[in-house]
Amino acid sequence: MQPPDLDRQRPSLHQSSLPWDVARELAHAVATPLRPRSVVLAEADGTTLAVPLVASAAVPPVDRSAMDGYAVRGPGPWRLVGTIRAGSGLAPELEDGQAYKIVTGAAVPTGTTAVLPDEEAIRSEDDVAGSAIPGRHIRRAGEECAAGEVLLPAGVVVDPSVLGLAATLGLNRLTVLPRPRVAAFVTGDELVHAGASGPGRVRDAIGPMVPGLVHRAGGCSSPAEVRHLEDSRQALVDALASADAELILVSGSSASGPADHLRSALAELGAELIVDGVACRPGHPQALARFEDGRLVLGLPGNPLAALTAFLTLGVAALRRLRGLGLPPLPICSVPGGLQSHPHSTRLVPVRVTAEGAVPVGHGGSAMLRGAAAADAFAVVPPGPSTAVAVRLLALDPGAGPWVG
Ligand SMILES: Nc1nc2c(c(=O)[nH]1)N[C@H]1C(S)=C(S)[C@@H](COP(=O)(O)OP(=O)(O)OC[C@H]3O[C@@H](n4cnc5c(N)ncnc54)[C@H](O)[C@@H]3O)O[C@H]1N2
Ligand code: MOO
């Protein structure tokens, strides 16, 4: 049974639209951080540390050579007594006047007073001479950290350097907030997934954007998870009811046309509509809803640029909270030529970020991606009667650091 009156009972989008900043903050506030779990390092990239990263032992664990050369004891010349390779165990103690040939990173024998680099060594058959400054070229045990030292606080995003550090510490697993799972559905009977657009056929431009956006925003999805749904409320209801993900994206179906079923499907499933339109251009029909079980549904407008701005506005905010992260302030940048404000809506204008400031690239209409493809960020132009000469930047890459601009 379809409840056809649900759409008519709604206030118009213009009445229910929230200011852009309010909508973004709300999307962040309504999400609940995921539960921490232990994952192997290979699965931890992009997750969030749930507990501080603590050194279980000193790094390095022993004094090591920082150069290929000779571990020596006392003043030279030294008699060569052996060779220490990268995988050699600890060599016997050095005595005054003795030297070992050694490679970078190998443990220096007890008693070593310095390492003499190859290029500073004067070699003869069994001896080596040169000027070895005491303590030079030895990486001391505990130089990087002592046992028990807190290296990173909880809340840090795990990136390749964190993974390398964890491995250096001898860890095999990390306790993290995992990447949120994101399911995605594109709707529209006119959509095709190969070949060109034409009368009655529109090439899907949103599906191909989703996996990369989701990954950069710290979620996980795969191309196989972007499913095309026929334009029917029942198909949408079934897909929403069974989607096993913390965030569900639905593109199209967000406005008030005969095939726009998102809001009525959400109502039928008892979802709470949290954002019902955002006062921004493009992207104003975007919506965010929450099921009782906590799953969030983000309605992306069908126009591709509007879908992109909606994901970067509400989707990224919700994902950050699911990952246990705050909503970072957006960097501010000057606009040399100024950008005209809209009287009631926040404008999101594709710009390139240059040394001179933000430069609009044009082609920022809601149905076109040409501007976004050439841009680094959206300039966030607040509503009002004026021309903005400085704007906040919403990065097109949601994984980019806050120093962008
Ligand atoms: N009476 C009203 N009509 C519209 C309103 C409104 O407030 N009142 N808002 C307009 C705005 S703004 C937008 S944005 C769109 C949003 O429409 P829907 O989310 O319902 O999406 P559709 O109607 O399915 O499609 C709109 C447009 O985008 C094309 N499309 C859809 N999906 C894709 C895709 N995956 N890849 C490429 N292009 C796609 C679709 O063919 C349509 O041309 O509504 C306005 N109308
Ligand atoms: O605001 Mo629509 O989202 O113009 O494209």
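A nitrogen atom of ligand 1 sits 2.9 Å from a polar backbone atom of alanine 205, a polar contact (a pair of N or O atoms within 3.5 Å; within protein, one must be able to donate a hydrogen and the other to accept it, and residues adjacent in sequence count only if both atoms are side-chain atoms). The model is predicted: local features need pLDDT of at least 70, side-chain atom pairs count only at pLDDT 80 or more, and totals for chains, interfaces and linings use all residues. Residues are numbered from 1 along each chain as its sequence is written, chains are lettered from A and ligands numbered from 1 in the order in which they are written, and side-chain values use heavy atoms, with hydrogens and water left out.

**Ligand 1**
- An oxygen atom of ligand 1 lies 2.5 Å from an N or O atom in the side chain of serine 254.
- The side chain of aspartate 260 has an N or O atom 3.0 Å from an oxygen atom of ligand 1.
- Taken alone, ligand 1 exposes 860 Å², and the protein buries 68% of that; areas come from the Shrake-Rupley method with a 1.4 Å probe, and for residues only the protein chains shown count as cover.
- Strand S17 (202–203) and helix H8 (304–322) are the elements that give two or more residues to the shell; helices (H or I, at least four residues) and strands (E, at least two) are DSSP runs numbered from the N terminus.
- Of the 20 residues around ligand 1, Glu190, Asp204, Ala205, Ser254 and Gly302 come nearest; a residue is near if one of its heavy atoms lies within 4 Å.
- The shell holds nine nonpolar, seven polar and four charged residues. Ala, Val, Leu, Ile, Met, Phe, Trp, Tyr, Cys and Pro count as nonpolar, Asp, Glu, Lys and Arg as charged, and the others, Gly among them, as polar.

**Ligand 2**
- Pro282, Gly283, His284, Pro285, Asn303, Ala306 and Ser366 surround ligand 2.
- This shell has three nonpolar, four polar and no charged residues.
- A backbone N or O atom of glycine 283 is 2.6 Å from an oxygen atom of ligand 2.
- The side chain of serine 366 places an N or O atom 2.7 Å from an oxygen atom of ligand 2.

**The loop between S21 and S22**
- Proline 282 lies in this loop, and a cis peptide bond joins arginine 281 to proline 282, with omega about -5°.
- Glutamine 286 is in the loop between strand S21 (278–281) and strand S22 (287–290).
- Glutamine 286 has 0% relative accessible area, so it is buried (under 20%; exposed is over 50%, partly exposed in between; 1.4 Å probe, protein chains only).
- A polar side-chain atom of glutamine 286 lies 2.8 Å from the backbone oxygen of glycine 283.

**Core and domains**
- In the largest nonpolar core, of 47 residues, Leu249, Leu308, Phe311 and Leu312 touch the most other members; such a core is a set of buried Ala, Val, Leu, Ile, Met, Phe, Trp, Tyr and Cys residues joined through side-chain atoms within 4.5 Å.
- H8 supplies the largest share of this core, 12 residues.
- Domain 1 (7–34 + 178–322) and domain 4 (332–395) both contribute residues, so the core lies between them; domain bounds come from an automatic or database assignment.
- The C-alpha centres of domain 3 and domain 4 are 61 Å apart.

- Most residues other than glycine have a negative phi, and most peptide bonds are trans.
- Serine 253 is not a glycine, yet has a positive phi of about 65°.
- The bond from glycine 76 to proline 77 is cis, with omega near -10°.
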